Amino acid sequence: MEVVIGVADDLAVLAAETIEAQLRRRPESVLGLATGSSPLKVYEELIRRHRETGLSFSRARGFLLDEYVGLPAEHPQRYRRVIAEKLVDHLDWPADQVVGPDGLAESLPRACTEYEEAIAEAGGVDIQLLGIGSDGHIAFNEPMSSLTSRTRVKSLTRQTRQDNARFFGGNPALVPGHCLTQGLGTITEARHLILLATGSEKTEAVHQLVEGPVSARWPATIMQHHPHVTVLVDEGAASHLE
Ligand code: F6R
């Protein structure tokens, strides 16, 4: 596991550089996309590179980590809509080449199985961007998630609904109680994991991720078993690292 401590803008450039190198090497690469605040600067940097240097996404595929269950298609916090607004709509990336688990599916378990199949059919994820929750979740694999889990329906903890209330007018009751999420087993099959964390509310989660024992109590710790992980953190998030 490589840990880089820096300022947020530089961390975003590092992540974008890695994605650009991957796309230039293999334009049909498969990118794993996170939502939430952590990757936003990376997305801004990728859009800049697309505009200024012609970085192309036209042959790439994209897979979202997760999706809320039950949010209507037009809801501003639906992750498919968020990723379109923050990234895809600003690139030459055909919208149908970026997909997420279907939180509106009639059969959610079937949607999860089909999502796993779609990732496998695309050849697996080359680079997976990740944020981390203050409770150590990645995607929506909350504490005590199975370390080998696959894409499935999960309920969100009170902590995560509280953390995400800022996207729902500050009201945790408006944050959906359930989501579809790639499992820890799914995520760790990606060939390169890049996790971004900034701010002091991530300090304990980053400490556990890098220095704690591997444990379902802090789901991100499973990344310690992965051969190619880059952790990009600012001073605030890194302040409990030894
Ligand atoms: C979002 C996701 C979540 C977030 C995490 C951190 O797709 O999978 O695991 O990465 O909740 O959220 P932010 O970046 O908003 O602090």
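**Close-up views of a predicted model**

View 1. Packing here rests on contacts, in which the C-beta atoms of two residues, placed from the backbone, lie within 7 Å. Within α7 (residues 203–211), the buried residues are A205, V206, Q208, L209 and V210. "Buried" stands for 20 or more other C-beta atoms within 10 Å of a residue's own, "exposed" for 12 or fewer, and "partly exposed" for anything in between, again with C-beta atoms placed from the backbone. Helices (H or I, at least four residues) and strands (E, at least two) are DSSP runs, numbered from the N terminus.

Residues are numbered from 1 along each chain as its sequence is written.

**View 2. Strand β6 and its two parallel partners.** From β6 (residues 127–130), I127 and L129 point one way and Q128 and L130 the other, and all are buried. Strand β2 (residues 30–33) pairs with β6 in the parallel sense over 2 bridges, and here G32 stands opposite Q128. β6 also pairs with β9, in the parallel sense and over 4 bridges; look for L129 with its bridge partner I194 in β9. Two strands count as paired if DSSP finds at least two bridges between them.

**View 3. The open sheet β4-β8-β7.** This sheet has 3 strands with antiparallel pairing, in the order β4-β8-β7. Its edge strands, β4 (66–68) and β7 (152–155), each pair on one side only. On average, neighbouring strands of the sheet are turned by 30 degrees against each other, direction ignored; the strand axes are lines fitted to C-alpha atoms, and angles between N-to-C directions run from 0 to 180 degrees. β4 and β8 (residues 178–181) are joined by 3 bridges in the antiparallel sense, with D66 finding its bridge partner T181 in β8.

**View 4. The annotated active-site positions.** The unreviewed UniProt entry places the feature "active site" at D66, D135, H137 and E142. UniProt positions follow the numbering used here, feature names are shortened, and annotations may be inferred rather than shown by experiment. H137 is buried because 26 other C-beta atoms lie within 10 Å, and E142 counts as buried because 21 C-beta neighbours lie inside 10 Å. Leaving aside neighbours within four places in sequence, H137 is in contact with E142, T160 and P219. On the same terms, the contacts of E142 are D135, H137, K154, L156, T157 and T160.

**View 5. The shell around the ligand.** Here 14 residues surround the ligand, the closest being T35, G36, S37, S38 and G131. The shell divides into 6 nonpolar, 7 polar and 1 charged residue; Ala, Val, Leu, Ile, Met, Phe, Trp, Tyr, Cys and Pro count as nonpolar, Asp, Glu, Lys and Arg as charged, and the others, Gly among them, as polar.

**View 6. Y43 in helix α2.** Y43 belongs to α2 (residues 40–53). Because it has 23 C-beta neighbours inside 10 Å, Y43 counts as buried. Not counting residues up to four places away in sequence, Y43 touches K86 and L87.

Key. Predicted model: local features only at pLDDT ≥ 70, side-chain atom pairs only at ≥ 80, totals over all residues. Near = placed C-beta within 6 Å.
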